[in-house]
Amino acid sequence: MAFLELRGVCKSYGQGPEESHVLKGIDLGVEKGEFVAIVGYSGAGKTTLISIIAGLLAPDRGDVTLDGRAIREPGPDRGVVFQNYSLLPWLDVFHNIYLAVDQVFADWSVEKKKEHTRKYVAMVNLTPASQKRPAELSGGMRQRVAVARALAMEPEVLLLDEPLGALDALTRATLQAELARIHQVSKKTVILITNDVDEGLLLADRIVPLGAAPAASLGPSFSVDIERPRDRKAMNHDPRFKALRTGVIEWLVESAAERRRRRPVEGATKAAEMSSNPEMAYEQEVP
Amino acid sequence: MSNAKSGARNPDWLYLPLLGGVAIVIGWALVSSSVAESLPSPLRTWQISKPYILAPFEKRGELDQGILRFTWYSLIRVAKGYSLAIVVGTPIGFFLGVSTLFAKSFDPIIQILRPVSPLAWLPLGLVLFGKPEPAGIFTIAMCSMWPTVLNTALGVRSIPQDYLNVAKVLRLSRGKTLVKVLLPAALPYMFTGFRLSLGIAWLVIVAAEMLTGAPGVGGFLWQEYNALIYEHIILCIITIGFVGFLLDRLMSGLEARLKIA
């Protein structure tokens, strides 16, 4: 049995004729220390999936286990980095991270907790900004605080929900490099949710596409057997990169096309409308 | 705020209000010398009020004290009623914010009690407490509580789900979630409520003192009306306005310090 395992996970919102299936029959096994990227359309239910793994949402059916134990609620063994940073605006960088450290390592001495916090502030290169509040930071810096907060809990699994989605391309590239470095150093199990195939190719050991809504399910695994560190520039030429990218994208396009064919049968839901045009996809928030 | 910023460069904020004030005084003088014979003129108001302004803390007798001394009595009374309103209103608002059941049960009642005038609460206070002093405080509390209740509830309801998720992921206890997440997140809204409540408390004081005859700026106003010293009515109105304005500025200042972009 895999370290983190999802079996037959289903989730829908609403009831009766209003019911909309978000996830259907999700099966996924992630080994310890593995970096898995889940790539899918906006609105396909990626955030729902990660919320279930985080324990913030309960699946309607199916099991989620971590190291053999069923996941029923959030816990410090799973560090989550939310899409929109979720920093507390009245706390500075240090105290946003300290809040987590204080909670997870409650029995440590204050000095040890502070030292631990400082270590993670330094890990994401924010020591000079330690006293600043989130409002004074750029988007990239805020996201680094959120990453540091999740890492400082020393979780067994790091769940990243489109952590770089809101950033400009340059900052995004910098933070991708930083995530790659952090993963190399910490050897944590990571699940990265993203809508960017290249981000997955750059960072992950394995890419699993999530099909189009409604009732999205996971596609086949694409192993990224490319040595690290990976060179962003080489991605445009390396045939292995190209083949993987084509494979993932073709699967995703095929899944959307298949949803479109089935639409008259399933009823024209909003989600299906969206998936019919991946170019115009937008984020459908979890209610 | 933008006002203060531009004020650093040009003195509009100083001479324009002065100009407005002078215009009003001239208008007042014209009205009192032509159509409204019984309205004291500005000059006369100043002459008659002078001892109360120049010796603002003087106590010459129970009914004859400096204007700031009367104001002080009123402020103490407001402080008592207002504190009561905050102490009772904040938790009620909190429950309204966190519990839909509680909100559905009590929101209609609050909406009905909210517009009730201080003049209506005061007699009930007198019946309940028998004495004018607690009745006045009761009235102030009953009237000024609602903005605190409603804004606290709004503040708690508008706490972003993100912050609650953080609390859940960190598995903060209920108490810790309250202190570390809910309270700081709702505080800016709560303070808006506190400021509006203080404004109402100050409005109510005049009515409460008029009806109970308690010494204070409102009581003085009513007493001078009965004594036919109309100049002092104007003195009281101006004082009440100034104090209310200062209280509001004070609370706005505190509020601005709590705002987090």
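Axes here are lines fitted to C-alpha atoms, for helices over the stretch in contact, and angles run from 0 to 180 degrees between N-to-C directions. Helices (H or I, at least four residues) and strands (E, at least two) are DSSP runs, numbered from the N terminus. What you're looking at is a predicted model, where local features need pLDDT of at least 70 and side-chain atom pairs count only at pLDDT 80 or more, while totals for chains, interfaces and linings use all residues. Residues are numbered from 1 along each chain as its sequence is written, and chains are lettered from A and ligands numbered from 1 in the order in which they are written.

**Chain B and its helix pairs**

Let's start with chain B. Its secondary structure comes to eleven helices and two strands, and from the N terminus on the elements run α-α-α-β-β-α-α-α-α-α-α-α-α. Along its principal axes, the C-alpha trace of chain B spans about 70 × 55 × 35 Å.

Two packed helices are described by the angle between their axes and the distance between the axes.

| Helix pair | Angle | Axis distance |
|---|---|---|
| α3(B) (residues 42-54) and α11(B) (residues 230-258) | about 75° | 9 Å |
| α6(B) (residues 118-129) and α7(B) (residues 132-157) | about 135° | 8 Å |

Angles under 35 degrees count as roughly parallel, over 145 as roughly antiparallel, 65 to 115 as roughly perpendicular and the rest as oblique. So α3(B) and α11(B) are roughly perpendicular to each other. Their contact is made by B:R44, B:T45, B:I48, B:S49 and B:Y52 of α3(B) and by B:E231, B:H232, B:I234 and B:L235 of α11(B). (Two residues are in contact if their C-beta atoms, placed from the backbone, lie within 7 Å.) Sorted by class, this contact has four nonpolar, three polar and two charged residues. For these classes, Ala, Val, Leu, Ile, Met, Phe, Trp, Tyr, Cys and Pro count as nonpolar, Asp, Glu, Lys and Arg as charged, and the others, Gly among them, as polar.

The pair α6(B) and α7(B) is therefore oblique. Among the residues that meet are B:W121 and B:F129 in α6(B) and B:F138 and B:M142 in α7(B). By class, that contact has twelve nonpolar, two polar and no charged residues.

**Chain A and its sheet**

Over to chain A, which has eight helices and ten strands. Its radius of gyration is 19 Å, close to the 19 Å that the globule rule gives for 287 residues, so chain A is as compact as a globular protein of that length. (The radius is taken over C-alpha atoms, and the rule is 2.2 Å times the number of residues to the power 0.38.)

Four strands of chain A form an open sheet in the order β2-β1-β4-β5, with antiparallel pairing. The edge strands are β2 (20-30) and β5 (69-70) of chain A, and each pairs on one side only. Two strands pair if DSSP finds at least two bridges between them. β1(A) and β2(A) pair over seven bridges, and one bridge joins A:L4 to A:V30 in β2(A). In their hairpin, with six residues between the strands, A:G14 takes a positive phi near 80°. β4(A) (residues 61-66) and β5(A) pair over two bridges, with A:T65 opposite A:A70 in β5(A). Helix α1 (residues 46-54) of chain A packs on the sheet, touching β1 (4-13), β2 and β4 of chain A, and its direction makes about 55° with that of β2(A).

**Where the chains meet**

Finally, 17 residues of chain A are in contact with 14 residues of chain B. Helix α2 (residues 93-104) of chain A gives the most to chain A's side, with three residues.
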